Amino acid sequence: MAIVCPVSKKSRQPTLDFTRGLSVFLMILAHALFFFHDGSSPWLNALQRTGNTLCFVMFLFVSGAAMYYAYLAKPQSAGQIAKRVAKRVWQIASGYYLLAILASVRDLDFFDLPGLASSLGRIFLFLDLPGFTEFLVPFIFYTLSMLFLRGLYEKSSRSFWLTLELSYAVYLLAYVLYPVSLGPGLREIKALFVGEAGLNRFPVLSYAPVLLFGMYWGCYLKEQESEKKQDLAALGLSLIHI
């Protein structure tokens, strides 16, 4: 199933904005339950966990579509791609490091310089992911992957079956690697890519299929000539997510 994507002059996609809005709503709901609920209701606890996962999945899906528009929708030189990727990675990484340090302030001993340097080093190398920051790390790796996998992304975004096959292969790899036991250091690296209980809830490889289908969706939106079709697609997709 191939898609030919025409060039569009529109600067914004109402479908992406609609989905982003729904993601923000779910994020606010999940965080409100986390901060204000006492944990006594199993239903509200389940709603909080579901909301956290759904808002991340939806943000990632929309990010895949946005990456298609930014890096794949029109011809660009390798230098242009590298410049845009570097700028985006700097923005995301700066936000992550700032939030990670703020979230870790209570645990850092500023009078123990070797220990402080070790703690900060583990944060900067993504070996320790403080709470409420781990969701940013996959976006850094996904953006960097555009430097090496742009050709593959370009092909898969135009083919549903190739997207499906790649998604299955990547998820199967993550599934096979998840139960592998590794020692300190390697265990944290594994957690970055395939997850580990208590270390990382948003592994790069496990959620990569969401990104791939987001890119395919971005190409699909490009071929939609009317905003009505795009709005209907957004509504249907959001209902599927829910």
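This is a guided tour of the structure, stop by stop.

The model is predicted: local features need pLDDT of at least 70, side-chain atom pairs count only at pLDDT 80 or more, and totals for chains, interfaces and linings use all residues. Residues are numbered from 1 along each chain as its sequence is written, and side-chain values use heavy atoms, with hydrogens and water left out.

**Whole chain**

Begin with the whole chain in cartoon view. Its secondary structure comes to nine helices and zero strands, in the order α-α-α-α-α-α-α-α-α along the sequence. Helices (H or I, at least four residues) and strands (E, at least two) are DSSP runs, numbered from the N terminus. Of the 242 residues, 42% count as buried; buried means under 20% relative accessible area, exposed over 50%, and partly exposed in between, with a 1.4 Å probe and protein chains only. Among contacts (heavy atoms within 4.5 Å) with a separation of 6 or more, 73% join residues 24 or more positions apart.

**Helix 3 and helix 4**

Select residues 78-104, which are helix 3, and residues 113-124, which are helix 4. Helix 4 has 12 residues and reaches 16 Å from its first C-alpha to its last, close to the 16 Å expected at 1.5 Å a residue; the expected span is 1.5 Å times one less than the number of residues. The two helices pack at an angle of about 140°, their axes 10 Å apart. Axes are lines fitted to C-alpha atoms, for helices over the stretch in contact, and angles run from 0 to 180 degrees between N-to-C directions. Helix 3 and helix 4 are therefore oblique to each other: angles under 35 degrees count as roughly parallel, over 145 as roughly antiparallel, 65 to 115 as roughly perpendicular and the rest as oblique. Show side chains for Y96, Y97, A100, I101 and S104 of helix 3 and for L120, I123 and F124 of helix 4, which make the contact.

**F126**

Next select F126, in the loop between helix 4 and helix 5 (137-156). Its phi is near 65°, a positive value in a residue other than glycine. Most residues other than glycine have a negative phi. F126 is buried, with a relative accessible area of 12%.

**Helix 5 and helix 8**

Move on to helix 5 and to helix 8 (residues 204-223), which pack at about 50° with axes 11 Å apart. This pair is therefore oblique too. Helix 5 passes helix 8 in a right-handed crossing; a crossing is right-handed if the near helix is turned clockwise from the far one by less than a right angle, and left-handed if anticlockwise. On the helix 5 side, select P138, F141, Y142, M146, Y153 and S156; they meet V204, Y207, A208, L211, L212, M215 and Y216 in helix 8.

**Helix 7**

End at helix 7, residues 186-194, where E188, K190, A191, L192 and V194 are buried. These buried residues pack against helix 4, helix 5, helix 6 (160-177) and helix 8. Zoom in on E188, which counts as buried at 11% relative accessibility. Leaving aside residues up to four places away in sequence, E188 touches R122, L127 and L199. Just after helix 7, G195 takes a positive phi of about 95°.
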